[in-house]
Amino acid sequence: MAGSNIEGTSAQALRRDPYEVLSVSRDSSDQEIKTAYRKLALKYHPDKNANNPEASELFKEVAYSYSILSDPEKRRQYDNSGFEALDTEGMDMEIDLSNLGTVNTVFAALFSKLGVPIKTTISANVLEEALNGTVTVRPLPIGTSVSGKVEKQCAHFFGVTISDEQAESGIVVRATSAAQSKFKLLYFEQDLNAGYGLALQEDSEKTGKITSAGMYFLHFQVYRMDSTVNALAMAKDPEAAFFKRLEGLQPCEVSQLKAGTHIFAVYGDNFFKPATYMIEALCAKTYEDTTTKLKDIEAQILRKRSELRQFETEYRKALARFQEVTNRYTQEKQSVDEMLKHRDSIHSSFTVARTVAFPTGSGYFSNGSSSKFTAEDNKSETSPGDEGSSDSKDKSSKKKWFNLNLKGSDKKARTRYYC
């Protein structure tokens, strides 16, 4: 549920013990914690306290406390080291669509469309009607399916009646949406006052071209994937997304059902439009091979999660070492380039041929020595070439004229003419 991101030392000091907030003891069971949370959440829900800001803050506090105590890992961390052990930025966040308003709902829908995981609460009206036992329950026989369309923030309730033999074999209840609607699959337990209290909820996830959610009561521990776990932490560190992916596996609190009638519901979780769905109830006896495969893959995934926790430590160390040697590589390359450049500069200093500059009509060598050239010197060096230049042109033109390619008798004429 919603985690209030409280910042600052003073704010942290104001946070109350989650056990105190929920009025439970430290050795309370998961079911006791869940029951206490449901009562307080319904009592302080914003839908029922629209004009009471204090109730809204208490609701957030209750939700934040439950987000810690309902997660075995977070509860263990808190029991050992208190709030300091918890990464508050990675806490799950839930929003109440009925309390958002149009503008905020548009933004929430946009982020959800972009793939940002946003958890939503169940309307207080739905929970209260269920607790009062005033909901309409439709039958859902084992081995059948029912299709429907449920309005947003509303729920359709179904009763699944199972025999002793079916309960022993195991029961599976799944809901799918070919339209990829967002919905929640809910399971309610019957209270003493003949009402129904929420016990389990599964948010729909996109799987291929559909969205789906399922509950598996197969007499062994089945895990659900919560994509919002550590979502903010993973956004800050993309590399953590891989290692934290399996951390979203949360154990389902109920692993088996007794014979009798059990209440399930499909809750419309779309932001604007109704959710279309198909819900079905199955007995695992006709799916023994599939049940065995599910049990095996659950065990494999749990082992892989443990392996990844260890591998992440090794990977972080290797990555730090890689970054260290990469930085050194860059530094060493720059150092070598500079030394070779300096070496080339030294080599080029061994020469007498320097660029001549004439800042004031005189030439100066760059090595410090200078040599002045007078106009007469310049003239004496260039005059011989200048004087012979006209004669050279004449001779050249004559040569070109008398070097014509003459044949036969023309050669004799050319010889006489030349003489």
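Me: In β14, which residue is the bridge partner of Ser145?
Reply: Keep in mind that this model is predicted. Strand β4 (residues 144–150) pairs with β14 in the antiparallel sense, over 7 bridges. Within β14, Ser145 has as its bridge partner Glu280.

Me: How many bridges join strand β6 to β14?
Reply: Strand β6 covers residues 171–177 and runs antiparallel to β14. Ile171 stands opposite Cys283 in β14. The number of bridges joining β6 to β14 is 6.

Me: How many of the 9 residues of strand β14 are buried?
Reply: Strand β14 spans residues 275–283. Buried means under 20% relative accessible area. The strand is largely enclosed by the rest of the structure, because the buried residues number 7 of the 9.

Me: Are the rings of Tyr64 and Phe83 stacked or edge-to-face?
Reply: A search of the whole structure finds 13 aromatic pairs. In this one, the ring centres of Tyr64 and Phe83 are 6.3 Å apart and the planes are at 15°. Planes under 30 degrees apart count as stacked. So the pair of Tyr64 and Phe83 is stacked.

Me: And what kind of pair do Tyr78 and Phe83 make?
Reply: Their centres lie 5.1 Å apart, with the planes at 65°. Planes over 60 degrees apart count as edge-to-face. So Tyr78 and Phe83 are edge-to-face.

Me: Is Val336 buried or exposed, or partly exposed?
Reply: Val336 sits in helix α11 (residues 288–348). With Met339 and Leu340, Val336 makes a nonpolar surface patch of about 270 Å². Its relative accessibility is 40%, so Val336 counts as partly exposed.

Terms used: Residues are numbered from 1 along each chain as its sequence is written. This is a predicted model: local features need pLDDT of at least 70, side-chain atom pairs count only at pLDDT 80 or more; totals for chains, interfaces and linings use all residues. Side-chain values use heavy atoms; hydrogens and water are left out. Patches are made of residues with over 30% relative accessible area and no salt bridge: like charges are joined within 9 Å, nonpolar side chains (Val, Leu, Ile, Met, Phe, Trp, Tyr) within 5 Å. Accessible areas come from the Shrake-Rupley method with a 1.4 Å probe; for residues, only the protein chains shown count as cover. A salt bridge is a side-chain nitrogen of Lys or Arg within 4 Å of a carboxyl oxygen of Asp or Glu. Helices (H or I, at least four residues) and strands (E, at least two) are DSSP runs, numbered from the N terminus. Buried means under 20% relative accessible area, exposed over 50%, partly exposed in between (1.4 Å probe, protein chains only). Two strands pair if DSSP finds at least two bridges between them. Rings of Phe, Tyr and Trp (its six-membered ring) pair if their centres lie within 6.5 Å; planes under 30 degrees apart count as stacked, over 60 as edge-to-face and the rest as tilted.
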